[in-house]
Amino acid sequence: MPQPGRTRAHAATWTIVTLLLVVGIAGTLIVPLYARATPALGGWPFFYWYQMIWIPLVAILATLAYLLARRAERARRAGPP
């Protein structure tokens, strides 16, 4: 039988993983956030540099989600202490 504290920690970890991935997806799919030309940065309209910023940001978010999921899976396989 799983311990209540361990189950809540496991659910919290998967909630965080889900939120990390949703932020990465929603930040680029909500077009009204970035459908404009100003402010320009280095001659690039806002639309372009906003999208370019999300490339490394999504990579970081996905890496964090992967590491958390891997840690949760290892804890689940290890079983109760």
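Hi everyone, let's start with T13: setting aside neighbours within four places in sequence, T13 is in contact with L68 and A72, where contact means heavy atoms within 4.5 Å. Before going on, a word on the source: this is a predicted model, in which local features need pLDDT of at least 70 and side-chain atom pairs count only at pLDDT 80 or more, while totals for chains, interfaces and linings use all residues. Residues are numbered from 1 along each chain as its sequence is written, and side-chain values use heavy atoms, with hydrogens and water left out.

Back to T13, which sits in helix 1 (residues 4-29). Helices here are DSSP runs of H or I with at least four residues, numbered from the N terminus. Is T13 buried or exposed? T13 counts as buried because its relative accessibility is 14%; the cut-offs are under 20% relative accessible area for buried, over 50% for exposed, and partly exposed in between, with a 1.4 Å probe and protein chains only.

Also please look at V17, which touches A65, L68 and A69, again not counting residues up to four places away in sequence. V17 belongs to the largest nonpolar core, which has 10 residues; the others are L20, Y34, F46, W49, Y50, W54, L61, A65 and A69. Helix 1 and helix 2 each supply at least two residues of this core, and the largest share, seven residues, comes from helix 2. By a nonpolar core I mean a set of buried Ala, Val, Leu, Ile, Met, Phe, Trp, Tyr and Cys residues joined through side-chain atoms within 4.5 Å.

Now for the loop between helix 1 and helix 2, where we find P39. T38 and P39 are joined by a cis peptide bond, with omega about 0 degrees.

Last stop, the charges. How many salt bridges are there? The count comes to two, taking a salt bridge as a side-chain nitrogen of Lys or Arg within 4 Å of a carboxyl oxygen of Asp or Glu. One pairs E73 with R76, with the closest N and O atoms 2.4 Å apart; both residues lie in helix 2 (residues 46-78), three residues apart, or about one turn. The other pairs R77 with E73, at 3.6 Å between the closest N and O atoms. R77 and E73 are four residues apart in helix 2, so about one helical turn separates them. Together, E73, R76 and R77 are linked in a network of salt bridges.

As for accessibility, E73 is partly exposed at 24%, whereas R76 counts as exposed at 51% and R77 counts as exposed at 66%. Thanks, everyone!
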